[in-house]
Amino acid sequence: MSRPRNPQKPHIPASPPQPRRSADNADSAEPISITAARRASQSRHLTIADVCADLGISRSTFYDWRAKRKAPPCLKLPNGDLRIRRTDYERWLSALTEEAA
């Protein structure tokens, strides 16, 4: 059974959550969508799956390269996951291109 509403207090439906604005454009009238902010944070760091997909290699090959110190430098997160800075990855790729030339 539902509780009766208070007749003195009108029911006001909750408004949908508003997208957050970053500190950089707090004065701007355009809010940043949450997905855009998530994409921006993901673009700085790559997952092992991202790197493997980009190179067309298996996860085990990446870990073999990492054991031989042939993989790009990785960051180990507190939960044990690995991430690769996009700048480190691009630098690593360009170094491989220079070695091959």
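Analyst: Of the 101 residues in the protein chain, 13% are buried (under 20% relative accessible area; exposed is over 50%, partly exposed lies in between, with a 1.4 Å probe and protein chains only). The model is predicted, so local features need pLDDT of at least 70 and side-chain atom pairs pLDDT 80 or more, while totals for chains, interfaces and linings use all residues. Residues are numbered from 1 along each chain as its sequence is written, and side-chain values use heavy atoms, without hydrogens or water.

First, the layout. The protein chain holds 4 helices and 3 strands (DSSP runs numbered from the N terminus: H or I of at least four residues for helices, E of at least two for strands). From the N terminus, the order is α-β-α-α-β-β-α. Take contacts (heavy atoms within 4.5 Å) between residues at least 6 apart in sequence: 37% of these join residues at least 24 apart.

Now the core. The largest nonpolar core has 11 residues: Leu 46, Ile 48, Val 51, Cys 52, Ile 57, Phe 62, Ala 71, Leu 82, Ile 84, Tyr 89 and Trp 92. (Such a core is a set of buried Ala, Val, Leu, Ile, Met, Phe, Trp, Tyr and Cys residues joined through side-chain atoms within 4.5 Å.) Helix 2 (48–55), strand 3 (82–85) and helix 4 (86–100) each give two or more residues to this core. Helix 2 gives the most, with 3. Ala 71 is another member. Leaving out residues up to four places away in sequence, Ala 71 touches Phe 62, Trp 65, Arg 66 and Trp 92.

Next, the helix pairs. Start with helix 2 and helix 3. Their axes come within 9 Å and cross at roughly 100° (axes are lines fitted to C-alpha atoms, for helices over the stretch in contact; angles run from 0 to 180 degrees between N-to-C directions). Helix 2 and helix 3 are therefore roughly perpendicular (65 to 115 degrees; under 35 is roughly parallel, over 145 roughly antiparallel, the rest oblique). Helix 2 brings Ile 48, Ala 49, Val 51, Cys 52 and Leu 55 to this contact, and helix 3 brings Arg 59, Phe 62, Tyr 63 and Trp 65. By class, 8 are nonpolar, none polar and 1 charged (Ala, Val, Leu, Ile, Met, Phe, Trp, Tyr, Cys and Pro are nonpolar; Asp, Glu, Lys and Arg charged; the others, Gly among them, polar).

Helix 2 also meets helix 4. Here the axes come within 12 Å and cross at roughly 30°. Helix 2 and helix 4 are therefore roughly parallel. The crossing is right-handed (the near helix is turned clockwise from the far one by less than a right angle; anticlockwise is left-handed). Val 51, Asp 54 and Leu 55 of helix 2 face Tyr 89, Trp 92 and Leu 93 of helix 4 in contact. That gives 5 nonpolar, no polar and 1 charged residues.

The strand side comes next. Thr 47 sits in strand 1 (residues 45–47). With a relative accessible area of 24%, Thr 47 is partly exposed. Beyond residues up to four places away in sequence, Thr 47 touches Leu 82, Arg 83 and Ile 84. Thr 47 and Ile 84 are 37 residues apart in sequence, yet 6.4 Å apart in space, C-alpha to C-alpha.

Last, a loop residue. Arg 69 lies between helix 3 (59–67) and strand 2 (75–76). Arg 69 has 78% relative accessibility and counts as exposed. Its phi is near 60°, a positive value in a residue other than glycine. Most residues other than glycine have a negative phi.
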